[in-house]
Structures are given as structure tokens and as C-alpha cells.
Amino acid sequence: MYPYQRPRRLRKSQAIRDLVKETRLHPDDFIVPLFIVEGKNIKEEIPSMPNYYRMSLDLIKQEVKDLWNMGLKSVLLFVKVDDTLKDNTGLAAIDDNGLMQQAIKTIKNAVPELYVMTDVALDPFSSLGHDGIVKHGKIINDKSVQMLAKMALGHAQAGADMLAPSDMMDGRIGAIREILEKNGFDDTGIMSYSAKYASAFYGPFRDALDSAPVDEADVPKDKSTYQMNPANRKVAITETLLDIEEGADIVMVKPGLCYLDIVRDLANTVEQPIAVYQVSGEYAMIKAASQQGWLDHDAVMLEQLTAIKRAGASLIASYFAKDVVKLL
Ligand code: PBG
């Protein structure tokens, strides 16, 4: 005798599968990372990120118009600056006329409604490739936080809608919230990289920005004293609750695929929107395997992004944003 319950009834046709589908991807879900370089008419492909580019500001203007017309409403800005501008304290990051500050103004000018988020971290400006200031082989937390707060204020003054601190220093969300409030930027948001793991999947991004930690004596060789240990789960909740208490509007898990258990833990724990950063290495893997003909690019891309959303993310920063939106 067959059971009365036959789950396959709800999988019988496309129509019923669509009716009972729980997770849908939508252009509104996506944040588009942009890599910006100094200069004119520059569009260079990042070797470890096929079909992804560093662009100069004159070309970024058209790019953001195209994104907006495709229905993509937010960007997350990263800048690659010349080595001559880098030092241990990341001083160039707080130059009012720096590349990031110019980028914010240029983009806001080109598409005023586009929601502009900015990366707040020292590594693209650090001669040592760290997200904090290095002293005697250590990352100095509180001095780094002061610098990050100044950097965040500068981005807000240039017109950024939301600041995205990706550094994992202790207390930086509180310091950034405070400096923003004191200066009248009460409606500038913070998307905190609250659960950011010390991941090997950031490799292609570090190629893109030339921001990897340098191999020198008295410089930590990796980021494991500030980014979280991939072996740990509970600390993701501790870090995220702290960031919310300190004033984060949106919290983030990074990378995506390997950390979907963390996304679900947070979705069950906090009320704030959860973002996931599907990082450069995740992008590179899909590109590489599909170029070999070993995986179906679009199918794998959609499956991974759907899984990220199903796990509990409501926003996804992804290098695939344009590719997905074309398919939807
Ligand atoms: C650093 C930063 C990194 C990424 C975003 N911000 C790399 C790192 O922590 O070394 C990685 C993003 C990606 O891999 O796509 N502040």
C-alpha cells in the first residue's frame, strides 16, 4: 500500500514547482562590487577573475548607468592605489581628494539614486598589506580604529550612503557610528563585515587590489589575528551581536558558500538584514571550472546564489550580479 503523502506531487510540473518555490533571486538582492583605478580610459581584466575588471572613473560613469538600467541599485566600492601612496598607517585613505572620495562624488553625480557603499579598511592603502597598523609584528587595534573612523567620516562627507568596514578590528563599528553622529551623518548607514573569516578564498581579490600581506620580518604573514578562524561558529554570533549593539544596520557573513551554517545561525538569532559576500575565490572557481567545460556556469552560479539566499541572506554582494540579472 502506497502512502497518502507523495512529495513528488509537488514536483510534477514546472507550474507547481514554481508555485511552491520558497527562494527567488531578484535584482534587488544584489550589491555590485566595483574596482576603481586612477587614470583614464582604463578597463583591465583581473587575471584570476575572468570577465571582471578594474576601471578608471571616466568608464565607471557609464558602468554605473548601465547597472542602474539593469535594475541593480547598489554598488560597493574598492580602490586600487599606487604603491607610492601606501604606508603603514594608510594615510592616503583619509585624503579628501583621494581616489575613493572622487569615486563617490563621480558616481553620485552620474546616478544620484544609486545606493553607494564603500569599503572601509586600510589594506588597499597599507604598504604592509594589512587592515590595521602594524607595530612590532602586531596589528595595533585602537590606533587602527581611529584611522578607520576618520576614513569612514571622509566617505560620508564625500556622499557615501553606507560604509562597509571590512577590517575586523574590535570596536570599529562603535567608533564609526560615534564619529558619524557627532558630525551630523545620522542617516549614513553601516554594513558591518561582522563575521569575516580568515579565508583562502580572498586570493583573487588581493590580486585585483595588490593588497596581500607582504612577506617581511615583523609583519604578520596572514590576517588570522583579526579575521575569524574558519573552524569556529559561536564567535560569529558574538561578533555580530557586538556590531549590532555598536550601531551596525546590516551585518555580513563572508565568504558565502563555506559559511552557510553561519548565515543560518545568524538568521535565527538577529533581526537585522544579513548580507553575504560571495567572494573572489568563489567567483574564480566557477569561472575556471566552466571554462574547462567541467561545470555549467549559469546553473552552478544560480544554485550557489539560491543556496546563499535560502540559508538566510537577504542581500548578496556578488561579482555575478550582472550575469544573474541578465538571466532573471
Ligand atoms: C579587505 C577585504 C578583502 C575582501 C574585501 N575586503 C580581502 C581580505 O580580507 O584580505 C575580499 C573580497 C573578495 O575576496 O572578493 N579589507
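A residue counts here as buried if 20 or more other C-beta atoms lie within 10 Å of its own, as exposed if 12 or fewer do, and as partly exposed in between, with C-beta atoms placed from the backbone. Helices (H or I, at least four residues) and strands (E, at least two) are DSSP runs, numbered from the N terminus. The model is predicted: local features need pLDDT of at least 70 and side-chain atom pairs count only at pLDDT 80 or more, while totals for chains, interfaces and linings use all residues. Residues are numbered from 1 along each chain as its sequence is written.

**Stop 1: helix α2**

Select residues 57-69. This is α2, with 13 residues and a span of 18 Å from its first C-alpha to its last, close to the 18 Å expected at 1.5 Å a residue (1.5 Å times one less than the number of residues). Colour Leu 57, Ile 60, Glu 63, Val 64 and Leu 67, the buried residues of α2. Seen down the axis of α2, these buried residues fall within an arc of 100°, so they line one face of the helix; the arc is that of the directions from the helix axis to the C-beta atoms. On the other side, Asp 58, Gln 62, Asp 66 and Asn 69 are exposed.

Now show β1 (30-37), β3 (49-56), β4 (74-80) and α3 (99-110), against which the buried residues of α2 pack. Contact means that two C-beta atoms, placed from the backbone, lie within 7 Å. Just after α2, stop at Gly 71, which has a positive phi of about 95°.

**Stop 2: the two annotated lysines**

Select Lys 196 and Lys 254, listed under "active site" in an unreviewed UniProt entry; such annotations may be inferred rather than shown by experiment. They are spread over 59 residues of sequence but cluster in space, with a largest C-alpha distance of 4.9 Å.

Lys 196 is in strand β9 (residues 189-196). It is buried, because 26 other C-beta atoms lie within 10 Å. Beyond neighbours within four places in sequence, Lys 196 contacts Ser 166, Met 168, Gln 227, Met 228 and Lys 254.

Lys 254 is in strand β10 (residues 250-254). With 24 C-beta neighbours inside 10 Å, Lys 254 also counts as buried.

**Stop 3: the ligand**

Select the residues around the ligand, including Asp 119, Asp 123, Ser 166, Arg 206, Lys 223 and Val 279; each has its C-beta atom, placed from the backbone, within 6 Å of the ligand. By class, the shell has four nonpolar, two polar and six charged residues.

Conventions
Nonpolar A, V, L, I, M, F, W, Y, C, P; charged D, E, K, R; others polar.
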